[in-house]
Amino acid sequence: MNILKIAGKFLDQPLLVAKFRKSVPAILLTGSGLYGISQIKKEPEPHRKLAAAGIGTTIIFTAISALAAPAITNKIFKKVPENVKGIKKNNTLLIDKFIKNTPLNNDIKEILHKSKNNILSFNDIKKLYKTIDDKNFLNKFIPEPENITSKEIFSEISRLSIFGLIPVLGGISGGILGDFLSTKNWKEKIPDKIKEGAYQYLANIFLCNIGAGAALGILEKSGVKSKSGRALGMTGGIITTGIVGGSAIANIIGNKIINPIFAKKSKNNVYAERRPEALDIGLHADDIATVAVMSGLKWIEPALPLMYAVSGYRAGIGYRNGVCISNKDE
């Protein structure tokens, strides 16, 4: 088994995934808090209290909605994530039965006993997969990634798209409330939040999911079963519909639909088109995560709230290429 395969098995350990999922709230809340403090400190001293109200509310709403997104989508799509207690119980039953019926050296037995309640190291995983030949056991111990079928593609696209929409809506809501608490001209800032929300969702989330799903459907119809081939194909779909076309489509919707509704109510430059920036390209890391999720990898999904929270916050501050929330009246 090659190094990449071992690395995949290490990252896909059910216990590691469950513990990572459990730690995401602390990571997101801590990171959000530190970022918020850094942004507030950038404001001139007389405006810091208002900045704290505006930025703080935006960050809180974004973080809460990002953390709520997995539970909401799991409930809608009737998906039950594994928990630490259940995994430990299953590990114990599986390993005790395997050890009882299989001749093993003491080193391997020790590793297996350790895996009942602990995450194994890379080297431990390597030893197990080098020594144990029972594929049935190994596939139960750390399940193989499952390639979803064309029938499951649109369900998965819908789930991931709703997942990504929730933090964006949360960010917009928090941004509007934050402006209400910190500025007199809060209504004038709403259009940019909606336009940035549309941009983030369409260019950085939804259209990329569509591109990945469409590519996956074509690959399946073409008989491509290789995980690497499917991953490359989905990445190509993301580049076409999201990174290349998503920005243009989002700006067209902004100009044709959002501008006519809000232009008369805003003194801001709502007609300015949003240009892709370095961070926007970086945000497509969540699309690589989409490829991983659709390819059946388990370890990446718990990180999605962290990635989508960035899109939610940018929507909340109404980011428009260098121009964002102002916590002082103009």
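Ile60, Phe61, Ile64, Leu177, Phe180 and Leu181 make up a nonpolar surface patch of about 560 Å². H3 and helix H8 (150–182) are the elements that give two or more residues to this nonpolar patch. Leu181 is found in helix H8, and with a relative accessibility of 47% Leu181 counts as partly exposed. The model described here is a predicted one.

**Overall make-up**

The chain contains 14 helices and 0 strands. Read from the N terminus on, every entry in the order of elements is α, as in α-α-α-α-α-α-α-α-α-α-α-α-α-α. The chain has 330 residues, and 47% of them count as buried. Its accessible surface comes to about 16700 Å², and carbon and sulfur atoms account for 64% of that area. Among contacts in the chain with a separation of 6 or more, 78% are between residues 24 or more positions apart.

Helix H3 covers residues 48–76, which is 29 residues. From its first C-alpha to its last, H3 reaches 40 Å, close to the 42 Å expected at 1.5 Å a residue. H3 does bend, by about 35 degrees, at Ala69. A proline, Pro70, follows within four residues of that point.

Asn74 has its place in helix H3 as well. Is Asn74 buried or exposed? Asn74 is buried, because its relative accessible area is 15% and the cut-off for buried is under 20%. Leaving aside residues up to four places away in sequence, Asn74 touches Lys79, Pro81 and Arg159. The C-alpha atoms of Asn74 and Phe163 are separated by 9.2 Å, although the two residues are 89 residues apart along the chain.

What is the phi of Lys78? Phi is near 55 degrees, a positive value in a residue other than glycine. Lys78 has a relative accessibility of 75% and therefore counts as exposed.

**Salt bridges**

How many salt bridges does the count come to? The count comes to 9 salt bridges. The table lists some of them.

| Pair | N to O distance |
|---|---|
| Glu144 and Lys5 | 3.1 Å |
| Asp124 and Lys114 | 2.6 Å |
| Lys193 and Asp179 | 3.0 Å |

The side chains of Glu144 and Lys5 meet in a salt bridge. Glu144 lies in the loop between helix H7 (135–141) and H8, and Lys5 lies in helix H1 (residues 3–11), so this pair ties together parts that are 139 residues apart in sequence. Glu144 is partly exposed, with a relative accessible area of 26%. Lys5 also counts as partly exposed, at 33% relative accessibility. Lys5, Lys9 and Glu144 are linked in a network of salt bridges.

Asp124 forms a salt bridge with Lys114. Asp124 is in helix H6 (residues 122–131) and Lys114 is in helix H5 (residues 106–115), so the pair ties together parts that are 10 residues apart in sequence. How do the two partners stand in terms of burial? Asp124 is buried, with a relative accessible area of 9%, whereas Lys114 is partly exposed, with a relative accessible area of 36%.

Lys193 and Asp179 meet through their side chains in a salt bridge. Lys193 lies in helix H9 and Asp179 in helix H8, so the pair ties together parts that are 14 residues apart in sequence. Lys193 is buried, with a relative accessible area of 1%. Asp179 counts as buried too, at 0% relative accessibility.

**Asn209 in helix H9**

Helix H9 spans residues 190–221, and Asn209 lies in it. Asn209 counts as buried, at 0% relative accessibility. Which distance separates Asn209 from Phe154 in space, C-alpha to C-alpha? The distance is 9.5 Å, and Asn209 and Phe154 are 55 residues apart in sequence.

Conventions. Residues are numbered from 1 along each chain as its sequence is written. This is a predicted model: local features need pLDDT of at least 70, side-chain atom pairs count only at pLDDT 80 or more; totals for chains, interfaces and linings use all residues. Side-chain values use heavy atoms; hydrogens and water are left out. The expected span of a helix is 1.5 Å times one less than its number of residues. The bend at a residue is the angle between axes fitted to the seven residues ending there and the seven starting there. Buried means under 20% relative accessible area, exposed over 50%, partly exposed in between (1.4 Å probe, protein chains only). Contact means heavy atoms within 4.5 Å. Patches are made of residues with over 30% relative accessible area and no salt bridge: like charges are joined within 9 Å, nonpolar side chains (Val, Leu, Ile, Met, Phe, Trp, Tyr) within 5 Å. Accessible areas come from the Shrake-Rupley method with a 1.4 Å probe; for residues, only the protein chains shown count as cover. A salt bridge is a side-chain nitrogen of Lys or Arg within 4 Å of a carboxyl oxygen of Asp or Glu.
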